[in-house]
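Me: Please take me through one part of this model in some detail, residue by residue where that helps. I'd like the cut-offs behind each term as we go.

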Amino acid sequence: MKKHASSIPFNGTPEQEAKLKAVIEAKKNIEGSLMSIMQEAQGIYGYLPLEVQSMIAEGLGISVEEVYGIATFYAQFALSPKGKYNISVCLGTACYVKGAQKLIDRLIEVLGIQPGECTADGKFSLEACRCIGACGLAPVLTVNEDVYGRLTEKDIDGIIAKYAD
């Protein structure tokens, strides 16, 4: 099994670990509680690195592979931290037809990361998403809450420069 490792080292705090252990302890005897424990863990840490998956598995007496399988199956779970600026490129039909893949290709080139990853400095993360409901502006990407539409790959460098502070 290939495990996805973030390029950013895990920096969990003792307070976060105590919160997670309390969640596990409160729910470990409830049938079917794994998903809700994982959701709460992601709320505590912001994502589910292998270290957190291991704590969950150990606390529930199950394999890490079982936790990892769920974490990778459901889109709601992130295995890498989100950057200060989370860039999300819409790959819905309208955006895809109008060149969204070229936007992703340029972002990969500029940022040096793949979708689902975060830059080593923690500044940018990249993800592809399904329709965000701005089809009239296709292709569209968001940087946190900022929406950019009718883009070409030539627009990417200028958008990144706005957030490069």
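Reply: Happy to! This is a predicted model, so local features need pLDDT of at least 70 and side-chain atom pairs count only at pLDDT 80 or more, while totals for chains, interfaces and linings use all residues. Residues are numbered from 1 along each chain as its sequence is written, and side-chain values use heavy atoms, leaving out hydrogens and water.

Helices (H or I, at least four residues) and strands (E, at least two) are DSSP runs, numbered from the N terminus. Buried here means under 20% relative accessible area, exposed means over 50%, and partly exposed lies in between (1.4 Å probe, protein chains only). In a regular strand the side chains alternate between the two faces of the sheet. Here Y85, I87 and V89 point one way, and N86, S88 and C90 the other way.

Next, the partners of β1. Two strands pair if DSSP finds at least two bridges between them. With β2 (residues 124-129), β1 pairs in the parallel sense over 6 bridges; with β3 (residues 141-143), the pairing is antiparallel over 3 bridges. I87, in turn, has V143 as its bridge partner in β3.

Zooming out, 4 strands make an open sheet of mixed pairing, in the order β2-β1-β3-β4. The edges are β2 and β4 (146-148), each with a single partner strand, so one side of each is left without a neighbour in the sheet. From one strand to the next the twist averages 20 degrees.

Two helices pack on this sheet. Helix α6 (residues 100-111) touches β1, β2 and β3, and its direction makes about 150 degrees with that of β1. Helix α7 (residues 156-163) touches β1, β2, β3 and β4, making about 165 degrees with the direction of β4. Contact means heavy atoms within 4.5 Å; axes are lines fitted to C-alpha atoms, for helices over the stretch in contact, and angles run from 0 to 180 degrees between N-to-C directions.

The axes of α3 (residues 50-60) and α4 (residues 64-73) come within 8 Å and cross at roughly 125 degrees. The two are therefore oblique to each other: angles under 35 degrees count as roughly parallel, over 145 as roughly antiparallel, 65 to 115 as roughly perpendicular, and the rest as oblique. L50, Q53, S54, I56 and A57 of α3 meet V64, V67, Y68 and A71 of α4.

Just after α3, G61 takes a positive phi of about 70 degrees.
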